[in-house]
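Please keep the sequence and the coordinates open while reading.

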Amino acid sequence: PPPDPEAESMKQQLEEALGTSVKLEKEGESSKVTIQFSSPAELYALIAKLQQKSEPTPLPPADLNNFTI
């Protein structure tokens, strides 16, 4: 099936926030996020970004059981 526009939007938001390529994969009943990095320094930078405490952006309701990747 073609990629879901909502899933593609989430992927793009993650890539913008993290500054690197992100891959979303559907695996049965769950999904997986893969974040690409090329060096230990990039990994440390990703960890720092993920640990930042900020106000979350309000998200529209999503039916995570029915989106396709």
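The paragraphs below cover the fold, the salt bridges, a pocket and a surface patch.

This is a predicted model, in which local features need pLDDT of at least 70 and side-chain atom pairs count only at pLDDT 80 or more, while totals for chains, interfaces and linings use all residues. Residues are numbered from 1 along each chain as its sequence is written, and side-chain values use heavy atoms, with hydrogens and water left out.

The secondary structure consists of two helices and two strands, where helices (H or I, at least four residues) and strands (E, at least two) are DSSP runs numbered from the N terminus. Along the sequence their pattern is α-β-β-α. Of the 69 residues in the protein, 12% are buried. Buried stands for under 20% relative accessible area, exposed for over 50%, and partly exposed for the range in between (1.4 Å probe, protein chains only). The areas themselves are Shrake-Rupley values with a 1.4 Å probe, and for residues only the protein chains shown count as cover.

Two salt bridges are present in the structure; the criterion is a side-chain nitrogen of Lys or Arg within 4 Å of a carboxyl oxygen of Asp or Glu. One joins the side chains of K11 and E15, at 2.8 Å from N to O. Both residues belong to helix α1 and are four residues apart, about one turn of the helix. K11 counts as partly exposed because its relative accessibility is 22%, and E15 is also classed as partly exposed, at 22%. In the other bridge E25 pairs with K32, with 3.7 Å between the closest N and O atoms. E25 is partly exposed at 24% relative accessibility, and K32 is partly exposed at 35%.

With a relative accessible area of 48%, K23 is partly exposed.

Which elements give two or more residues to the lining of the second largest pocket? This pocket has a volume of about 160 Å³, and its lining consists of Q13, L14, A17, L18, V33, I35, K49, L50 and Q52. The elements in question are α1 (5–18), β2 (30–35) and α2. Helix α1 provides the largest share, four residues. By class the lining has six nonpolar, two polar and one charged residues. Here Ala, Val, Leu, Ile, Met, Phe, Trp, Tyr, Cys and Pro count as nonpolar, Asp, Glu, Lys and Arg as charged, and the others, Gly among them, as polar. A pocket is an open set of points on a 1 Å grid over the protein atoms alone, where a 1.4 Å probe fits, with protein on both sides within 12 Å along at least five of seven lines; lining residues have an atom within 4 Å of a point. Points are joined across faces, edges and corners, and the volume is the space filled by probe spheres set on them.

Helix α2 spans residues 40–51 and includes L43. L43 is partly exposed at 33% relative accessibility, and together with F37, Y44 and I47 it makes a nonpolar surface patch of about 390 Å². Such patches take residues with over 30% relative accessible area and no salt bridge, joining nonpolar side chains (Val, Leu, Ile, Met, Phe, Trp, Tyr) within 5 Å and like charges within 9 Å. E42 is found in helix α2 too. E42 is partly exposed at 36% relative accessibility, and its C-alpha atom is separated by 9.8 Å from that of G19, 23 residues apart along the chain.
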